[in-house]
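Below is a briefing on one protein chain. The points after the display are grouped by topic.

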Amino acid sequence: MYALLAAFSFGSSTVFSKMILQRYTFKTATFYRYGFTSLIMLIFIFVSGKTVQLDQVTTTNWIIFLVIAFTTGSGAIFLYYFGLNHIKASLAVMCELFFPISTIVFDYIFNGSRLSLVQWLSAGLMVLPLSTLTRSSKLKKLKHILSLIILFIIFVYR
């Protein structure tokens, strides 16, 4: 259920973000992303009864959190919204789905890890929509890139 919720949240956040970018700047979109995410998580914490754990967060934890939020976190999300402002949401989702695929490739290259049968099936289910999206005439070049990546993964994991 958490995986389905995560998949729904992932896809819908890109579409909603694209809608926000039609009316506001990418800076404002970043503010809304952080604001709504914080609000949703705060509600989740109260509903799940995990408020006791907030007392366990140290000053050092808050400092680290803020450093990440205002450096790599904000920088990455600013770049994301700036780029999303210039491309279609469907292309953004497709590019974002390459993240787990690249993780598989890098995990093999650097750690020698191989996929289990369940992981292969999951990867296949993830690649299927990507290959379907590439049928669009505007995405023909990405289809070739996707094919090369799939061939590489098959070669590495055979």
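Lysine 18 lies in helix H1, where helices (H or I, at least four residues) and strands (E, at least two) are DSSP runs numbered from the N terminus. Lysine 18 counts as buried because its relative accessible area is 18%; buried means under 20% relative accessible area, exposed over 50%, and partly exposed in between (1.4 Å probe, protein chains only). Residues up to four places away in sequence aside, lysine 18 touches Leu84, Asn85, His86, Ile87, Lys88 and Ala89, contact being heavy atoms within 4.5 Å.

The model is predicted: local features need pLDDT of at least 70, side-chain atom pairs count only at pLDDT 80 or more, and totals for chains, interfaces and linings use all residues. Residues are numbered from 1 along each chain as its sequence is written, and side-chain values use heavy atoms, with hydrogens and water left out.

**Other residues of H1**

- Serine 17 is also placed in helix H1.
- With a relative accessible area of 4%, serine 17 is buried.
- Arg33, Tyr81 and Leu84 are in contact with serine 17 once its neighbours within four places in sequence are left aside.
- Isoleucine 20 belongs to helix H1, which spans residues 2–23.
- Isoleucine 20 counts as partly exposed because its relative accessibility is 24%.
- Leaving aside neighbours within four places in sequence, isoleucine 20 is in contact with Ala29 and Tyr32.
- From isoleucine 20 to tyrosine 32 the C-alpha to C-alpha distance is 8.8 Å, at a separation of 12 residues in sequence.

**Chain as a whole**

- The protein chain has 6 helices and 0 strands, and its elements run α-α-α-α-α-α from the N terminus on.
- Of its 158 residues, 21% count as buried.
- Among contacts between residues at least 6 apart in sequence, 74% join residues at least 24 apart.
- The accessible surface of the chain comes to about 11700 Å², and carbon and sulfur atoms account for 74% of that surface. Accessible areas come from the Shrake-Rupley method with a 1.4 Å probe, and for residues only the protein chains shown count as cover.

**Confidence**

- The chain averages a pLDDT of 75, and 76% of the residues score at least 70; pLDDT is the predictor's confidence in each residue, from 0 to 100.
- Confidence is highest in H2, at a mean of 84, and lowest in helix H6 (residues 140–157), at a mean of 60.

**Nonpolar patch**

- Tyr2, Leu5, Phe8, Phe36, Leu39, Ile40, Met41, Ile43, Phe44 and Val47 make a nonpolar surface patch of about 1100 Å². H1 and helix H2 (26–48) are the elements that give two or more residues to this patch.
- Patches are made of residues with over 30% relative accessible area and no salt bridge, with like charges joined within 9 Å and nonpolar side chains (Val, Leu, Ile, Met, Phe, Trp, Tyr) within 5 Å. A salt bridge is a side-chain nitrogen of Lys or Arg within 4 Å of a carboxyl oxygen of Asp or Glu.
- H2 supplies the largest share of the nonpolar patch, 7 residues.
- Phenylalanine 36 is found in helix H2 and counts as partly exposed, at 48% relative accessibility.

**Aromatic pairs**

- The whole structure holds 6 aromatic pairs. One of them joins phenylalanine 26 and phenylalanine 82 edge-to-face, at 5.4 Å centre to centre and 75 degrees between the planes. This pair links distant parts of the chain, with phenylalanine 26 in helix H2 and phenylalanine 82 in helix H3 (residues 59–84), 56 residues apart.
- Rings of Phe, Tyr and Trp (its six-membered ring) pair if their centres lie within 6.5 Å; planes under 30 degrees apart count as stacked, over 60 as edge-to-face and the rest as tilted.
- Phenylalanine 82 counts as partly exposed because its relative accessibility is 42%.
- Tyr24, Phe31, Tyr32 and Phe36 are linked into a cluster by ring pairs.

**A residue of H5**

- Alanine 123 sits in helix H5 (residues 117–133) and is buried, with a relative accessible area of 13%.
- The C-alpha atoms of alanine 123 and isoleucine 104 are separated by 9.1 Å, and the two residues are 19 apart along the chain.
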